[in-house]
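Visitor: I am new to this structure and would like to learn how to read it. Where do we begin?

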Amino acid sequence: MSLPQPHFSSELFTALRAATLDDWKPYIEHEFVARLGDGTLPKTAFLHYLKQDYVYLHHYARAWALGVVKAATLQETRFCAYIMHGLAHMELPLHVRLCAREGIGEDELFNIREEPENLAYTRYVLDCGQTGDFLDLLTALIPCAHGYGEIGLDLAATATSGTPYQEWIDTYAGADYQGMCHTVGKLFDRAAKDRIGEDFEKSPRWPRLCQIFATASRLEAGFWQMGLKAA
Ligand SMILES: Cc1ncc(CN)c(N)n1
């Protein structure tokens, strides 16, 4: 079955997704995602994932901070700061709220021992930014942002009513998160056009961008798999 087209207006994301679909699909269609939707995901797996994801988002915010360092224009700096703000004030509070209901406090979350899958992913993204330029960094950051946007929309349309994971689904399908994806998509296209021109696929940098995007997508699938270890 082919995946529905995502709704984010980023030409570059659409092109990278199409070029690396074999890596994208196992992320978007992972068993963990399907079980969030039909409600069969064990709570232990969800909480394990959520605690790891709290730490993940902290490092992901650091990677956007690196975007501020790598930015070439004030507009790029502003966008990166805006995304960091969204992570700290919209997405992380979801994790804190859901964990608090289970008696897990923020101190405990902050001190969680990182799983190797988590470490590998966040440090890979940071490394892309440190060794590459702003565009390399964004290419490593995009699968996270847009993948959950796509998953959120898919699940909002297909989830079994009464799934205990509705609040999680609503966050990623909601206007705030979708709006953030839209903003990131615009930033991504502008950054690419400024650096490699309009014809992305003809750029000598295209294979490397595909490689970064595909690697981040595979690391996302690995992150879901890590969650299932606690099932
Ligand atoms: C691992 C991961 N990937 C993506 C997202 C969505 N920002 C997230 N919270 N966690």
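Predicted model: local features only at pLDDT ≥ 70, side-chain atom pairs only at ≥ 80, totals over all residues.

Visitor: At what angle do the axes of H7 and H8 cross?

Guide: A pair of helices is described by an angle and a distance between axes. Helix H7 (residues 116-131) and helix H8 (residues 134-158) have axes that come within 7 Å and cross at roughly 160°. Angles over 145 degrees count as roughly antiparallel, and H7 and H8 are therefore roughly antiparallel to each other.

Visitor: Which residues of H7 and H8 meet?

Guide: From H7 come Tyr124, Val125, Cys128 and Gly129, and they meet Asp136, Leu137, Ala140 and Leu141 of H8. Sorted by class, the residues of this contact between H7 and H8 are six nonpolar, one polar and one charged.

Visitor: How are H8 and H9 set against each other, and at what angle do they pack?

Guide: H8 and helix H9 (residues 166-173) pack at about 120°, and their axes are 7 Å apart. H8 and H9 are therefore oblique to each other. The crossing of H8 with H9 is left-handed. On the H8 side the contact is made by Tyr148, Gly149, Ile151, Gly152, Leu153, Leu155 and Ala156, and on the H9 side by Ile169, Tyr172 and Ala173. The residues of the contact of H8 with H9 are eight nonpolar, two polar and no charged.

Visitor: Are H4 and H7 roughly parallel or roughly antiparallel?

Guide: Look at the angle again. H4 and H7 pack at about 0°, with axes 9 Å apart. That angle makes H4 roughly parallel to H7. In H4, the residues Gln52, Val55, Tyr56, His59, Tyr60, Arg62, Ala63, Leu66 and Lys70 meet Asn118, Thr122, Val125, Leu126 and Gly129 of H7. The contact of H4 with H7 has seven nonpolar, five polar and two charged residues.

Visitor: Which residues are around the ligand?

Guide: Around the ligand are Asp53, Tyr56, Leu57, Glu91, Cys144, Ala145, Tyr148, Glu220 and Phe223. Helix H4 (43-70), H8 and helix H11 (206-228) each supply at least two residues of this shell. Tyr56 is in the ligand shell and also in the contact of H4 with H7. Tyr148 likewise belongs to the shell and to the contact of H8 with H9.

Visitor: How many residues of the shell around the ligand are nonpolar, polar and charged?

Guide: The shell has six nonpolar, no polar and three charged residues.

Visitor: How many helices and strands are there in the chain?

Guide: The chain has eleven helices and zero strands.

Notes. Residues numbered from 1 in each chain as written. Axes fitted to C-alpha atoms, helices over the stretch in contact; angles between N-to-C directions. Helix = DSSP H or I, 4+ residues; strand = E, 2+ residues; numbered from the N terminus. Parallel < 35°, antiparallel > 145°, perpendicular 65-115°, else oblique. Contact = placed C-beta atoms within 7 Å. Nonpolar A, V, L, I, M, F, W, Y, C, P; charged D, E, K, R; others polar. Near = placed C-beta within 6 Å. Left-handed = near helix turned anticlockwise from the far one by under 90°.
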